[in-house]
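Student: I would like to learn how to read the contacts that involve aromatic rings. Could you take me through them slowly?

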Amino acid sequence: MGSHISSLYYLLLLSFFFVSSLVPALQALVPNTNATRRRAPVHHDLSLDFYSKTCPQIDQIISSVTTARYRDSPAAGAATIRLFFHDCFVEGCDASILIAPTPGSTTKVEREMDDNKSLAAEAFETVNIAKAAVENKCPGVVSCADILAVAARDFVRSAGGPYYAVKKGRKDSKVSLAGKVRPNLPRTNSTVDQLLRLFSSKGLTATDLVALSGAHTIGYSHCDQFASRLYDFHGTKRPDPAMDARLLKALRMSCPQFGGNADVVAPCDVKTPFDFDHVYYGNLENNLGVLATDQALFMDPRTRPIVQEMGRDKARFFNAFSTGMEKMGSIRIKKGNKGEIRKDCSKHLSS
């Protein structure tokens, strides 16, 4: 923080720390070095009126669920947005992340990967509740993948973010394989080079990277995702010099180097952690990024101008975020006999 901010602010900041399983909207895994050689994702046509005859009230049904969930469990908002990211980046937006492990099976599903185990239960619960509500009105018609896409949009809006129309027509994947996870998600210590390559492999641009990272405006991160910045940055045994000194002190109070509570989390946006706004980008300009990947977006000359632009213009951020979500939401869509419409989002039809 700048010198004009009083120490009282840091006491207020500490109040945002709480015990939870919620982690940031774009938590990462190490990208595969072969990412640049992967073929660009196939995009299929979706439509706004896909369910106009079979389930015309789909948006209203899901909205009634997400509105109640956000009121009663605000953590479900950021958790569901993050769940959508993790679904789309791994083999496309096909609800494969929702498949639960089968007792006795030796084949692991996506949810069993270590970095997916921290996905908050509130997100899965939200999708299940919404699916049940939709099935009650339109049985066997709407995919879990479409429900997740709409629910994520609804939570963005509930937190003060933009409303954007969600195109539909996805089918649910017939498989969920743990081995597909690691090469397809970023890490919290990924370099901008790695992030740009990964996003490019998904058909997304540098602007999409910066805009979608803005979901961290309501995201939270566990201490272990940024602890190295506090105590041993790049093996130096010293903190990251790019982090504001008073933010460093505040984070160290809740995240000690040894013996801390592994469930403690910190808001990625230390000023307005409950509002979906563009303050996140201003934080990066003031060295207030909690995650290394977030702060790196301002440090790198290729993404810094985009960060600055979105930090100046909330409407620009909202437009870019909406565009990025639509593009991400169309990655490797399953159509026809390549997918299914699950009755239970946690189980394949054949289960």
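Student: Which residue lies over the face of F298?

Tutor: A charge sits over a ring if NZ of Lys or CZ of Arg is within 6 Å of the ring centre and within 35 degrees of the ring normal. Here R304 lies over the face of F298, at 5.5 Å from the ring centre, and R111 is placed over the face of F124, at 4.0 Å from the ring centre. This is a predicted model, in which local features need pLDDT of at least 70, side-chain atom pairs count only at pLDDT 80 or more, and totals for chains, interfaces and linings use all residues. Residues are numbered from 1 along each chain as its sequence is written, and side-chain values use heavy atoms, with hydrogens and water left out.

Student: How many aromatic pairs does the structure hold?

Tutor: A pair of aromatic rings is described by the distance of the centres and the angle of the planes. Rings of Phe, Tyr and Trp (its six-membered ring) pair if their centres lie within 6.5 Å, and planes under 30 degrees apart count as stacked, over 60 as edge-to-face and the rest as tilted. The structure holds eleven such pairs; one of them, Y70 with F155, is tilted, at 6.4 Å centre to centre and 50 degrees between the planes.

Student: Is F155 buried or exposed?

Tutor: Buried means under 20% relative accessible area, exposed over 50%, and partly exposed in between (1.4 Å probe, protein chains only). F155 is buried, because its relative accessible area is 0%, whereas Y70, at 22%, counts as partly exposed.
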